[in-house]
Amino acid sequence: MNYEKGFFETPEFRELLKKYEQARAMNVFPYFGIEELVDLLSYYLFMDKCDNAEEVLTVARQLHPTAPENAKMEIKLMLSKGEPKRALEIFEGIGYKGDDETMILHAEILLALKDFKKAREIALAIINKNLPGMENIYEALEILLDCGFALDALFICEQALKHTPDNRGLLEVKAECYIEMQMTNEAIGIYNKLLDEDPYSTFYWEQLGHIYYMIGRYGKALECFEYESTINDEIEYARMMQAYCYYFVGDYCKAKEMFGWFSSKYPMSVMPQFYIALSLYHEGKLQESLDAFKGIIDIAPEGTIEMMLARINKAVILDTMGEDARAEDAVSIAIMMHPENMKQLLLHDTHLYELHDKENLTFKEMSILEQKEWSIEEEMYDWGTHLVEHNHLRLALRVFRYIRPFSQDPTEIDAYIAYILWKTGEPERIEPAVENALNGKSDMLFKLFGISYDANMMPQEFIDKVNKK
């Protein structure tokens with residue numbers, strides 16, 4: 001089955017979910033058919049609730065111990081948990097069948113293993129033997145999209161739409177192709193047409209809202225998510241996106257209220273507390289914001305970007321408040337306990353770092369994160385430059401000194417170290433850094449000190465020019 005948000009909102013599924021969750025709360029499970037359990041597992045995976053999905057699989061094995069669906073459910077669970085190699089092992093154990101469902105499952109495994117060529121071949125094979133209107137063609141087109149072949153998927157959609165121009169499934173995939181290609185006006189046009197035909201579709205309002213969000217039109221996005229909530233006020237995603245929109249349009253009071261609802265319901269969730277802390281900062285309530293970030297540090301898992309960004313923001317607020325020593329201690333811990341993936345350090349349009357996940361990224365931010373493979377040095381270098389830009393110089397110095405020993409080319413790092421030492425009252429210590437920066441032909445050194453570039457300038461000559469400024 002091609003699981004979309006619309007399916008999970010149908011009265012039939014909501015009744016099934018209610019029945020299951022009541023049974024789960026009482027720890028007494030009545031009979032559930034295997035297909036019902038497949039639907040439930042898919043729902044929990046869709047909602048990123050792997051623990052709940054694992055419980056469904058346990059129930060399925062108890063009620064239907066010999067059902068072949070159990071292995072397929074486990075494969076989907078392993079894929080959601082980021083274990084594609086284990087998923088492939090299970091898949092090889094069930095024996096390959098040429099039916100569409102098995103082929104799609106194989107393609108999803110290959111996609112997770114980043115074997116895009118083979119996944120594409122399987123998707124095209126499914127498409128070639130299916131007609132528009134048949135369910136599996138849409139899943140195959142989605143695989144093409146996920147493999148990065150949006151142009152191929154768009155071409156197939158357009159060819160199929162010539163025969164069935166009002167086919168909603170094909171129009172939805174075509175809109176997704178446009179989104180992937182960042183042709184947002186075309187995607188907006190499709191969803192507006194679909195909404196004319198089905199104005200109560202929460203799925204279409206949500207898609208339209210997310211497009212507006214990704215291009216930074218938060219007011220329009222907010223309107224769409226509010227329509228979605230008006231139609232069905234139980235959709236938490238719409239409420240969460242409204243909270244983001246209120247934050248980004250600058251209505252921090254409303255943002256705090258909405259994020260506060262999520263924080264009360266999910267007290268161990270970092271994201272809503274993070275944006276409450278950011279909202280307090282923007283309202284000028286530095287001590288309250290600082291306390292909120294301390295609270296996040298108490299619950300965030302160690303070794304995550306959430307923990308690191310909370311520590312960085314804590315350090316920045318302390319530095320702003322004149323608590324120099326405490327700020328340096330906080331940034332030192334952030335440096336020493338940094339996670340492996342620090343790409344979000346590249347997203348720094350604001351003074352404090354904002355926390356992002358796959359739902360609240362704009363196209364601009366996605367472009368920065370995905371344009372190349374970023375090294376730890378590059379990520380932390382960007383962090384250091386951001387701190388310098390906001391005049392947190394001693395904090396930046398700790399960052400630059402940390403990354404310098406493993407930098408392949410420390411030229412620009414030395415330029416910043418020289419500049420920071422000069423600005424913080426230690427001009428007598430800048431000569432080694434100046435010399436290293438000049439030897440590496442650093443243009444950044446000249447920009448930082450406001451001196452015209454001269455590739456042949458000697459260190460003492462440079463320092464003399466700085467002294468005369």
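**Ring pairs and charged pairs in a predicted model**

Ring pairs join Tyr213, Tyr218, Tyr244, Tyr247, Phe248, Tyr252, Phe259 and Tyr275 into a cluster. Rings of Phe, Tyr and Trp (its six-membered ring) count as a pair if their centres lie within 6.5 Å; planes under 30 degrees apart are called stacked, planes over 60 edge-to-face, and the rest tilted. The model is predicted: local features need pLDDT of at least 70, side-chain atom pairs count only at pLDDT 80 or more, and totals for chains, interfaces and linings use all residues. Residues are numbered from 1 along each chain as its sequence is written, and side-chain values use heavy atoms, with hydrogens and water left out.

A pair of aromatic rings is described by the distance of the centres and the angle of the planes. In the whole structure, a search finds 33 aromatic pairs. One of them is formed by Tyr20 and Phe32, whose ring centres are 5.8 Å apart and whose planes meet at 70°, so the pair is edge-to-face. This pair links distant parts of the chain, 12 residues apart: Tyr20 belongs to helix α2 (residues 11-26), while Phe32 lies in the loop between α2 and α3 (34-46). Helices (H or I, at least four residues) are DSSP runs, as are strands (E, at least two), and they are numbered from the N terminus. Tyr20 and Phe32 are both buried; buried means under 20% relative accessible area, exposed over 50%, and partly exposed in between, with a 1.4 Å probe and protein chains only.

Phe225 and Tyr237 also form an edge-to-face pair, with 6.2 Å from centre to centre and 75° between the planes. Phe225 lies in helix α14 (residues 218-231) and Tyr237 in helix α15 (residues 236-249), so the pair ties together parts 12 residues apart in sequence. Phe225 is buried, at 0% relative accessibility, whereas Tyr237 is partly exposed, at 21%.

A ring may also have a charge over its face. The criterion is that NZ of Lys or CZ of Arg is within 6 Å of the ring centre and within 35 degrees of the ring normal. Arg120 lies over the face of Phe149, 4.9 Å from the ring centre, and Lys372 lies over the face of Trp374, at 4.5 Å from the ring centre.

The next topic is salt bridges. A salt bridge is a side-chain nitrogen of Lys or Arg within 4 Å of a carboxyl oxygen of Asp or Glu. The search of the whole structure finds 21 salt bridges. In one of these, Glu197 is paired with Arg168, and the closest N and O atoms are 3.9 Å apart. Glu197 in helix α12 (residues 184-197) and Arg168 in helix α11 (residues 168-180) are 29 residues apart, and the pair thus links distant parts of the chain. Glu197 is partly exposed at 42% relative accessibility, and Arg168 is partly exposed at 32%.

Asp414 forms a salt bridge with Arg404, with 2.7 Å between the closest N and O atoms. Here, too, distant parts of the chain are linked: Asp414 is in helix α24 (residues 411-423) and Arg404 in the loop between α23 (393-403) and α24, 10 residues apart. Asp414 is buried, with a relative accessible area of 3%, while Arg404 is partly exposed, with 29%. Elsewhere, salt bridges that share partners join Arg61, Glu74, Arg86 and Glu89 into one network.
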